[in-house]
Amino acid sequence: MIGLRRLGCDGWEDGLVAREKGGFWVGLCAVTFYPLIWLVSRWRAEGLDKIPATGPALVVANHISYLDPIYTAVFVHRGRRVPRFLAKSSLWELPVAGPVMRGAGQIPVYRDSADAQQSLRAGIQAMRDGKLIVIYPEGTITRDPEGWPMHSRTGVARLALSGEFPVVPMVHWGTLQVYDHYGKKFRPLPRKEVVVRCGEPVDLSAFRDRPVDAALLREVTDHLMSAVRDLLAEVRKENAPAEFYRKGKAGTGPVEGEAAS
């Protein structure tokens, strides 16, 4: 019982702000994910205070490893919120992940189909209901050779412009060193340094009174991902590239080693 309270599992309170309730499946993920990330990394959660304690919010994150959602989920949970991910629909077909995603109230994204707009509507409705939504606008783990965010899909802009709520940038760094999907390497030991950081909410006031068209959606998407990229540059202590990488250019994926760890 003490262990569960220390981990902050669903249903427990360890402070003045009550934790948002997520039910059995969220609690199960908590008791699984907290020890897992401790076993494979020495990680730091920076900017937890940027996660709104209550009410609707949109978290916009970079994506360098398939482990990122685990760290995102723990970070948001430590912020006393339940994360609802907009995630590719194929995950719902997996034997273990599928029931967990359904039970935890996650939102499937049906890419390149008529159902894609329905996924966005589900995300918008969730925020209208006061929920916190997490999205990786790149749509998959980055193909940028140096691990920077790449050219992203504009669905994030539709979500961000759908109401007045905080839009919070988040970055992960170091998860690629634990699991590199493109390099097909899983290296849990020795434990790696991992940082997950949230920044200040992005100011979208300059865009809200304009007609929503393709040009605006592209502009807002790049504006949001620029905030993510700049936050990542702070974590990496490097200069960010001026342009977003596009798939099809030279390079097959994030490089290994210190430059992309």
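Helices (H or I, at least four residues) and strands (E, at least two) are DSSP runs, numbered from the N terminus. The views below come from a predicted model, in which local features need pLDDT of at least 70, side-chain atom pairs count only at pLDDT 80 or more, and totals for chains, interfaces and linings use all residues. Residues are numbered from 1 along each chain as its sequence is written, and side-chain values use heavy atoms, with hydrogens and water left out.

**View A. Helix α8 and the residue that follows.** Helix α8 covers residues 214–236, 23 residues in total, and reaches 32 Å from its first C-alpha to its last. This is close to the 33 Å expected at 1.5 Å a residue, the expected span being 1.5 Å times one less than the number of residues. Lys-237 follows α8 and has a positive phi, near 55°. Lys-237 counts as exposed, at 73% relative accessibility (exposed means over 50% relative accessible area, buried under 20%, partly exposed in between; 1.4 Å probe, protein chains only).

**View B. Helix α3.** Nine of the 11 residues of helix α3 (residues 68–78) are buried, so the helix is largely enclosed by the rest of the structure. Among the buried residues are Ile-70, Tyr-71, Val-74 and Phe-75. Arg-80 follows α3, with a positive phi near 70°.

**View C. The loop holding Lys-184.** Lys-184 lies in the loop between β7 (179–180) and β8. Its phi is near 55°, a positive value in a residue other than glycine. Lys-184 is exposed, with a relative accessible area of 70%.

**View D. The cis peptide bond at Pro-190.** Leu-189 and Pro-190 are joined by a cis peptide bond, with omega about -5°. Pro-190 is located in the loop between β8 (185–186) and β9 (192–198).
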